[in-house]
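Visitor: I'd like a close look at one part of this protein. Could you walk me through its disulfides?

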Amino acid sequence: MPRAKPGTTGTQLGANAPSLTFQESDQVASMGHIFGEIPGDSPISTCDDDDTDSDLLTIQSLVIDPNPPARAQNLTITAEGELKEDIAKGAFVQVDVKYGLIRLLRTTLDLCEQTEKVDLACPIAKGPRKITKTVQLPAQIPPGRYTVNAVALTEDERRITCLTARVQFH
């Protein structure tokens, strides 16, 4: 994916586009781990490629609670991992969201702005990290299958991590 300026979007629905959350059903549970399985209880996995050994972040555990999430309730995401080197300002995340085969969103976000929401500030020092974030899920989540792909890169475009989530809303 070519780099875009953080905070810009390539394709998205209007302001009333649905918020995305992670939810899996019994039918989709196996889909959540078709790529590189991450220990824990979530439908999130590493991307399907051979680059995970060179990633700057090794994710040791990723848990969502409750799993599956419920509409109009809190969802807590807890992740643990090890950073191989410091992450400096200028790092970014490229996010693609699809509803079935339809792209809802393609955006590039400033990684440091996003990590501030979980009380981490750039530069993020190498070593072990644990983050926990609780979000309120909206009551109006449209039914359907969603795929979310997020690639985090340093300013010089070395890969920090790549994650994929496949979720089903009923």
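Guide: Let's start with the term itself: a disulfide here is a pair of cysteine sulfur atoms within 2.5 Å. Keep in mind that this is a predicted model. By that cut-off, the count comes to two disulfides.

Take Cys112 and Cys122 to begin with. Their sulfur atoms sit 1.9 Å apart, and the two form a disulfide. The torsion about that S-S bond is about -90°, so this disulfide is left-handed. Cys112 belongs to helix α1 (residues 111–115), while Cys122 is in the loop between α1 and β8, so the bond ties together parts that are ten residues apart in sequence. As for exposure, buried means under 20% relative accessible area. Cys112 comes in at 7%, so it counts as buried. Cys122 has a relative accessible area of 13%, so it is buried too.

Now for the other bond, which joins Cys47 to Cys162 with an S to S distance of 1.8 Å. This pair links distant parts of the chain: Cys47 is in the loop between β3 (44–46) and β4, Cys162 is in strand β10 (residues 159–169), and they are 115 residues apart. With a torsion of about -75° about the S-S bond, the disulfide of Cys47 and Cys162 is left-handed. Cys47 is buried, at 7% relative accessible area, and Cys162 is buried as well, at 4%.

Technical notes
Residues numbered from 1 in each chain as written. Predicted model: local features only at pLDDT ≥ 70, side-chain atom pairs only at ≥ 80, totals over all residues. Heavy atoms only, no water. Helix = DSSP H or I, 4+ residues; strand = E, 2+ residues; numbered from the N terminus. Buried < 20%, exposed > 50% of the residue type's maximum accessible area, 1.4 Å probe, protein only.
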